[in-house]
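The following note sets out points for a colleague who has the sequence and the model at hand.

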Amino acid sequence: MLGTSSPAQETKVFFDGTHRVRHPEQTWATVSPLLAEFGITRVADVTGLDTLGIPVAMAVRPLAKSLSVSQGKGQSKLLATISAVMEAIELWHAEYAPKPIISRQTPANKLSLPYRLTDLTSANDALVTESTRLDWVESAGMVSGRTVPVPSMLVSWTGYHEHRWLPPGLLWSSNGLASGNSRQEASLHALYEVVERDAVSQESSSIPSDLLDPASVDDRTCADLIDKVQSAGAALTISRVPSRFGIPCFGAKVWDADFPVACLGWGAHLDPYVAISRAVTEAVQSRLTAIAGSRDDLPPIYQQVRAGSGEVTKSAGPLAQLSDLLPDGPGAFHDVTSELAWVCERIQHGGGAEPLLVDLTTAAEFAVVKVILPGANLDIERVHPRR
């Protein structure tokens, strides 16, 4: 288990916009023969529907219980394809690979939990209490390795028609649901997503005040992404999003007159260049998702297109240099295992709670996990707009 065992170090071998322990070609060769097993019938390159030229792909699961279309992005068509496919596979595991129930219809106050149930609720007016009877599954503390029960409805998605009614308060989301070439890699990816959305959910405005000068981003991969957006005539802003955990987090906004809706993206990572890359590619992915119009939970985007959201203009004040916006920290590690241990410790010390891991893996070739952090902020409407 994480925290108590000493797994062998997993050395990173790929660093272009993301850090992985396998090269993309190896990952695709591993997962592509398995697509039918996870209900994926089609994978499409939708990059050409936009003018920005940053690769975006979509994977389709017609029998999905939640989203039947998953998007992916990356610096290359292959990376975008893998991203879309793995997101679809993650959702399949949440829908069709439920964990065994270890305690049925049991109130939280009977379980001696190391956290308060209210730390898992999704709203201040939640009606779920320590006395509400819930089903529970097993998770592992990512620092201590101890077994900790968590509500099953936060881990598995059963579909609207299968839900047992509960008082409002606990809400399943894809936050912390991630896959990877190994369990360590998937767990680290999930933690970064939790950190990102915690930071974004604390912000009082869509674009924070610390605007970054794109010219100060000297990483080749990020510079290429920035150049593609700007060369296409689109406005791009990149901002630092403060994180209470001291992990670099950035937001990006893309706008142009051809599609006059401000499209947002965010990213968090110990390597600030990976965080920026994720933010920019996610903003482009959000834009292409709206243009393609195929995602199940899209808000009425084209009403906004007709109205226009107003041109994104440059900041009147000075733009910050990247070096001035970075928190203290070690930077990214050369191996996933050491980085995961550092991030887990930092999150526990910064938030007062231990991250909890549920392993949903069903195949030996890769891993799927769900990470839950008691007390983390998550504004669902803000991170992923819904109808």
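1. Two strands are taken to pair if DSSP finds at least two bridges between them. In this predicted model, that criterion gives an open sheet of four strands in the order β8-β9-β10-β11, with antiparallel pairing. Its edge strands are β8 (211-212) and β11 (259-268), each of which pairs on one side only.

2. As a reference point for the reader, L236 stands opposite V254 in β10. On the sheet packs helix α3 (residues 183-202), which touches β10 and β11. The direction of α3 makes about 125 degrees with that of β11.

3. Although β11 is an edge strand, it is mostly covered, with eight of its ten residues buried.

4. A further open sheet has three strands in the order β1-β2-β3, again with antiparallel pairing. Here the edge strands are β1 (42-45) and β3 (69-73), and each pairs on one side only. On average, neighbouring strands of this sheet are turned by 20 degrees against each other, direction ignored. Strand β2 (residues 56-60) runs antiparallel to β1, to which four bridges join it. In this pairing, A44 stands opposite M58 in β2.

5. Which helices pack on the three-stranded sheet? Helix α2 (residues 77-96) lies across β1, β2 and β3, and runs at about 145 degrees to β3. α5 also packs on the sheet, where it touches β2 and β3. The direction of α5 makes about 140 degrees with that of β3.

6. Besides its packing on the sheet, α5 has a helix partner. Two packed helices are described by the angle between their axes and the distance between the axes. For helix α4 (residues 220-231) and helix α5 (residues 272-292), the axes come within 9 Å and cross at roughly 30 degrees. Angles under 35 degrees count as roughly parallel, and α4 is therefore roughly parallel to α5. The crossing in which α4 passes α5 is left-handed.

7. From α4 they are C222, L225 and V229; from α5 they are Y273, I276, S277, V280, T281 and V284. By class, the contact of α4 with α5 comprises seven nonpolar residues, two polar residues and no charged residues.

8. One loop position is also noted. K110 is found in the loop between β4 (103-107) and β5 (133-141). Is K110 buried or exposed? Residues over 50% relative accessible area count as exposed, and K110 is therefore exposed, because its relative accessibility is 64%. K110 and S131 are 21 residues apart along the chain, and their C-alpha atoms are separated by 8.5 Å.

9. In summary, the points to check against the displayed model are the four-stranded sheet with α3 packed on it, the three-stranded sheet with α2 lying across its strands, and the left-handed crossing of α4 and α5.

Note on methods:
Residues numbered from 1 in each chain as written. Predicted model: local features only at pLDDT ≥ 70, side-chain atom pairs only at ≥ 80, totals over all residues. Heavy atoms only, no water. Axes fitted to C-alpha atoms, helices over the stretch in contact; angles between N-to-C directions. Helix = DSSP H or I, 4+ residues; strand = E, 2+ residues; numbered from the N terminus. Parallel < 35°, antiparallel > 145°, perpendicular 65-115°, else oblique. Left-handed = near helix turned anticlockwise from the far one by under 90°. Contact = heavy atoms within 4.5 Å. Nonpolar A, V, L, I, M, F, W, Y, C, P; charged D, E, K, R; others polar. Buried < 20%, exposed > 50% of the residue type's maximum accessible area, 1.4 Å probe, protein only.
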